[in-house]
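User: Hello! I am new to this structure and would like to get to know it step by step. Could you walk me through it with a few questions and answers?

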Amino acid sequence: MTQKFLLASLFCLPAINAAHARGLDISIGNEAAQITYLSESYGQIGIGGNDIGVGFFYNENNDMVVNGGLLVTGNSLGANRAFQAGVGVKGYAGYLHDPEDRTDIYPAPKRVDEDSDSVSAIGIGGKLAYILPSRTPLSLSLEAYYAPDITAFGDNEGLLEAVARFEVEIAPTTRFFVGYRKLEVDFKNGDEYPLDETGHVGIRFSF
């Protein structure tokens with residue numbers, strides 16, 4: 001299990017030295033926060049490209065997950081330039097801190113020790129975005145990744161992440177957004193453990 005966990009952890013470290021542009025994506029909610037460093041980032045809404053990044057997720061229950069991956073987005077979806085579609089792969093590695101503390105809200109997952117449960121997985125997914133017609137660039141997007149049991153290497157047997165966003169471009173390299181994230185892991189005993197099911201606000205900029 002240790003070797004598999006290390007393999008998933010290494011996947012979360014993309015080759016950022018090959019970057020042409022860099023950026024930060026920061027989202028903060030009442031119960032969770034995430035910061036992602038992007039080694040290739042295209043700042044303007046409506047322009048396709050590649051995002052290669054590594055991020056750190058943390059919530060108020062001291063659950064911590066490192067994530068990283070690649071998302072490739074096209075300029076348009078067919079003849080309709082208002083739509084964009086992308087595909088990607090994303091890796092996750094981390095620990096849940098003392099999940100039995102949340103039994104009053106969620107079922108406790110199967111414990112492997114008295115302190116934490118490990119989470120590691122590789123998910124595939126993508127992104128669909130709609131660029132709203134407006135003088136100020138606006139967009140609605142949904143990005144999701146799913147890791148089944150075959151690509152889950154920790155104490156979990158599956159993982160799902162889905163993020164919905166409304167973004168506004170306030171400068172050519174800066175976006176403000178509001179969104180909602182669902183991040184959930186499935187355990188071998190059949191329990192589902194949500195790390196995040198809340199809204200957030202954030203900013204994304206490239207430099």
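User: Among contacts in the protein chain between residues at least 6 apart in sequence, what percentage join residues at least 24 apart?

Analyst: A contact here means heavy atoms within 4.5 Å. Among the contacts between residues at least 6 apart in sequence, those that join residues at least 24 apart make up 54%.

User: How confident is the predictor, and what is the mean pLDDT of the protein chain?

Analyst: This is a predicted model, where local features need pLDDT of at least 70 and side-chain atom pairs count only at pLDDT 80 or more, while totals for chains, interfaces and linings use all residues. Residues are numbered from 1 along each chain as its sequence is written, and side-chain values use heavy atoms, with hydrogens and water left out. The pLDDT is the predictor's confidence in each residue, from 0 to 100. In the protein chain 74% of residues reach 70 or more, and the mean is 81.

User: Over residues 102-115 the pLDDT is below 50; how many contacts does this stretch have beyond near neighbours in sequence?

Analyst: Where pLDDT is low, the predicted coordinates should not be read in detail. With that caution, the model gives residues 102-115, beyond near neighbours in sequence, a count of 35 contacts.

User: In what order do the elements of the protein chain run?

Analyst: Helices (H or I, at least four residues) and strands (E, at least two) are DSSP runs, numbered from the N terminus. The protein chain has one helix and ten strands. Starting at the N terminus, the order is α-β-β-β-β-β-β-β-β-β-β.

User: Which residues lie nearest the centre of the largest cavity?

Analyst: On a 1 Å grid over the protein atoms alone, a cavity is a set of points where a 1.4 Å probe fits but cannot get out, and lining residues have an atom within 4 Å of a point. A search of the whole structure finds three cavities of 30 Å³ or more, and the largest has a volume of about 440 Å³, the volume being the space filled by probe spheres set on the points, which are joined across faces, edges and corners. Strands including β2 (32-40) and β7 (138-147) each supply at least two residues of its lining. The lining has 27 residues, and those nearest the centre are Q34, T36, L38, K90 and E143.

User: Which strands does the aromatic pair of F83 and Y130 tie together?

Analyst: Rings of Phe, Tyr and Trp (its six-membered ring) pair if their centres lie within 6.5 Å; planes under 30 degrees apart count as stacked, over 60 as edge-to-face and the rest as tilted. F83 and Y130 are 5.0 Å apart centre to centre with 55° between the planes, so this pair is tilted. The two residues are 47 apart in sequence, so the pair ties together parts in strands β5 (residues 83-97) and β6 (residues 116-132).

User: Is F83 buried, exposed or partly exposed?

Analyst: Buried means under 20% relative accessible area, exposed over 50% and partly exposed in between (1.4 Å probe, protein chains only). F83 has a relative accessible area of 30%, so F83 is partly exposed.

User: Where does N62 lie, given its positive phi?

Analyst: Most residues other than glycine have a negative phi. N62 has a phi near 70°, and counts as partly exposed at 33% relative accessibility. Its place is the loop between β3 and β4.

Terms used. On a 1 Å grid over the protein atoms alone, a cavity is a set of points where a 1.4 Å probe fits but cannot get out, and a pocket is an open set with protein on both sides within 12 Å along at least five of seven lines; lining residues have an atom within 4 Å of a point.
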